[in-house]
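The entries are in the order in which I went through them.

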Amino acid sequence: MIKAVMIINNHGKPRLVKFYKTVTNEDAQQSVIRKIFQQVAQRPDNFCNYLEGSITEWGEGTKLIYRHYATLYFVFAVDSQESDLGILDLIQVFVEALDKCFENVCELDLIFHSDRVHYVLDEMIMGGMVLETNIAAVLASVNDQNKLDSGSLRMQLPTHSATSHSMKSVVEGVF
Amino acid sequence: MFEKNLQDLVKGIRAHRRDTGDFISQAIQEIKQELKSVDPFVKAEAVRKLTYLQMLGYDISWAAFSVIEVMTSPRFNHKRIGYLAANQTFTEETEVILLATNHLKKEFASSDQYDIGLAINCLANIATPDLSRDLLGDASSLLSHAKPYVRKKALLVMYKVFMKYPQGLRLCFDRIREKLDDQDNGVVSCAVNIICELADKNPRNYLSLAPRFFKLLTTTSNNWMLIKVVKLLGSLVPEEPRLARKLLEPLATIIQNTQAKSLLYECVHTVTLALPFTKKDDGTESRAVPIVVKLCTDHLKQFIMDPDQNLKYLGLVGFVNLMASHPKSVLENREIVLGCLTDNDVTIRCRALELLAGMVTKRTLEGLVSKLLWHVQTSEGSYREDLLLKIMSMCSKDKYSFLTDFQWYSSVLVELCHLDYGSKLSTASIALANQLIDVTLRVEAVRPYLTNQMRLFLVDRFN
């Protein structure tokens with residue numbers, strides 16, 4: 001199981017944070033991000049990409065598998081059910097997918113479009129388990145949904161008060 | 001009024017490095033106003049901004065109802081924004097989470113696979129016991145959906161649902177098992193994945209599936225799936241030792257034929273975990289074992305000698321496992337492991353140390369400790385702690401059963417006394433003190449020497 005995926009820059013600023021094993025409040029989450037960054041940033045680039053880190057919020061048995069690209073650390077926190085080399089490959093696929101989606105992706109793209117990064121990740125990993133590893137399949141889903149996305153912005157909806165519409169649909173949904 | 005969009009917010013934060021906190025507080029006030037707007041575009045963008053702020057550590061749980069509103073929008077763009085916010089922030093404490101139930105039910109019935117996909121993804125992120133119980137039926141019927149895209153997601157979400165609503169497992173497991181025979185390989189892969197996770201928690205319940213997985217071992221060419229199948233079979237071995245012997249040959253075949261290092265390693269790793277279980281009842285080994293052991297040892301040796309640090313690390317991990325059943329094979333490669341002690345990478349040094357400590361014998365103890373002492377001189381921090389503790393634990397193991405010369409050990413202990421331990425009390429320094437006392441008490445021959453040394457040490461320290 002994958003417990004979390006994070007993209008953190010060289011100064012410790014988070015660019016993408018996805019917890020699959022819940023860490024319930026924002027302070028605890030920031031603490032985990034800091035701990036992960038501290039452990040990973042100490043290591044020069046010629047060290048191996050595996051850290052048997054100790055993250056108290058998750059208990060024993062968490063391994064940090066990471067790759068350092070230019071100004072960004074891509075970190076996957078996993079348990080023993082994941083393949084060490086497989087996850088390294090997966091990080092590579094993730095980065096390549098981002099590269100295709102953003103055209104030569106750089107940190108600024110992630111900063112200004114963090115939601116789009118989530119949409120790509122969601123096609124690869126769901127609920128902490130790997131959903132799809134084939135980059136063509138991932139990109140196809142991402143592109144289809146981007147089309148739905150831009151199409152929906154041109155969508156005309158019946159004109160009555162938007163508030164009452166949304167309240168109505170939510171309340172209707174409950175009953 | 002000009003509302004900031006997400007890009008404006010990010011630009012603003014970057015421009016206000018000195019007073020970021022104030023700028024963000026102001027932005028949140030604006031967002032609170034925007035959430036009252038009747039314009040769905042304004043509301044959606046406000047939620048989008050809040051999701052970004054949550055990543056920076058701000059609590060946005062007060063906006064949960066607005067998140068639900070945006071999530072239930074008919075516009076795909078807004079829906080996604082709402083779902084993302086919910087996925088990142090809803091917890092079991094979120095009161096409005098129940099409002100999502102019927103919405104998700106409706107979305108599961110959508111004619112668009114991506115609407116369904118978003119809804120399943122949401123459930124996978126926010127599942128609570130109530131949501132899981134209420135949506136179990138609808139989610140599990142998606143396992144038979146026409147689109148493989150939906151079937152895959154439905155398979156994976158069931159794991160979360162079962163975790164929150166355990167009774168669901170018994171009700172739905174058959175449908176999951178059926179997916180092992182799905183037409184689409186991606187779907188089969190996801191089925192293997194979820195069963196792998198379930199088996200990790202409760203291997204006994206999945207033993208009956210072993211034959212099916214053996215078949216997958218030899219019929220599938222998808223490396224990711226194979227890795228999971230291998231892991232799964234590995235986790236079943238402790239429950240059914242006879243599986244261990246059956247596994248050796250198919251795994252050896254894969255090891256010999258695959259180009260993928262990830263799969264190769266997983267097979268070697270699983271072999272090393274299975275080997276202890278392959279002994280027959282009469283204590284002998286089956287004929288296949290020595291060949292397989294040699295195969296694994298050779299590959300692990302190549303990994304350790306590879307310049308790629310990752311392979312080196314994994315090779316050492318493999319050897320640690322192999323020690324448990326075939327220490328001789330690992331012992332033959334002692335020199336290579338010793339070489340890893342000088343590696344710059346502390347992760348590798350720690351694994352090598354663990355391995356070496358497990359390899360020690362009466363004959364090799366003094367030589368090994370001398371080498372480790374040399375390393376102690378040049379190391380620091382927690383790695384030095386590990387070294388010191390390892391030295392002492394090897395020497396004192398089983399009431400000093402590896403030790404032949406207490407004079408020598410006493411001089412080692414004294415040498416360790418003269419290291420700089422700083423002002424903090426460390427585990428190693430406490431252990432050292434206890435060792436000095438213990439050896440002095442047990443071994444009459446060295447008592448005068450050690451007592452004198454300890455006296456000199458104290459006199460020196462407190463003058």
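**Entry 1, the interface.** I note at the start that this is a predicted model. I looked up the contact between the chains and found 72 residues of chain B in contact with 68 residues of chain A. The area buried between chain B and chain A came out at about 6400 Å², with 56% of that given by carbon and sulfur atoms.

I counted 33 residue pairs in polar contact between chain B and chain A. On the side of chain B that touches chain A, helix 5 (residues 76-89) of chain B gives the largest share, eight residues. By class, I listed that side of chain B as 34 nonpolar, 19 polar and 19 charged residues. The rule finds seven salt bridges across this interface.

I found Leu6(B) in helix 1 (residues 6-15) of chain B. Its relative accessibility is 1%, so Leu6(B) counts as buried. I listed what Leu6(B) touches, leaving out residues up to four places away in sequence: Phe112(A) and Asp115(A) from one chain, and Glu45(B), Arg48(B), Lys49(B) and Tyr52(B) from the other.

I searched the whole structure and got 30 salt bridges over all chains. In one of them, Glu123(A) sits in the loop between helix 4 (114-121) and strand 6 (125-126) of chain A, and Lys153(B) in helix 9 (residues 148-164) of chain B, so the pair joins two chains. Their side chains meet at 3.6 Å, N to O. I checked accessibility: Glu123(A) is buried at 6%, and Lys153(B) is buried at 3%.

Next I took Lys105(B) and Asp138(B), which meet in a salt bridge at 3.2 Å, N to O. Lys105(B) is in helix 6 (residues 100-108) and Asp138(B) in helix 8 (residues 129-141) of chain B, so this pair ties together parts 33 residues apart in sequence. Lys105(B) is partly exposed at 30%, and Asp138(B) is partly exposed at 25%.

Last, I looked up Glu239(B) and Arg204(B), whose salt bridge is 2.8 Å, N to O. Both lie in loops of chain B, and the pair ties together parts 35 residues apart in sequence. Glu239(B) is partly exposed at 26%, whereas Arg204(B) is exposed at 54%. I also recorded one network of salt bridges with shared partners, joining Asp115(A), Glu45(B) and Arg48(B).

Key
Residues are numbered from 1 along each chain as its sequence is written. Chains are lettered from A and ligands numbered from 1 in the order in which they are written. This is a predicted model: local features need pLDDT of at least 70, side-chain atom pairs count only at pLDDT 80 or more; totals for chains, interfaces and linings use all residues. Side-chain values use heavy atoms; hydrogens and water are left out. Contact means heavy atoms within 4.5 Å. Buried area is the accessible area (1.4 Å probe) that two parts lose on being put together, summed over both. A salt bridge is a side-chain nitrogen of Lys or Arg within 4 Å of a carboxyl oxygen of Asp or Glu. A polar contact is a pair of N or O atoms within 3.5 Å; within protein, one must be able to donate a hydrogen and the other to accept it, and residues adjacent in sequence count only if both atoms are side-chain atoms. Helices (H or I, at least four residues) and strands (E, at least two) are DSSP runs, numbered from the N terminus. Ala, Val, Leu, Ile, Met, Phe, Trp, Tyr, Cys and Pro count as nonpolar, Asp, Glu, Lys and Arg as charged, and the others, Gly among them, as polar. Buried means under 20% relative accessible area, exposed over 50%, partly exposed in between (1.4 Å probe, protein chains only).
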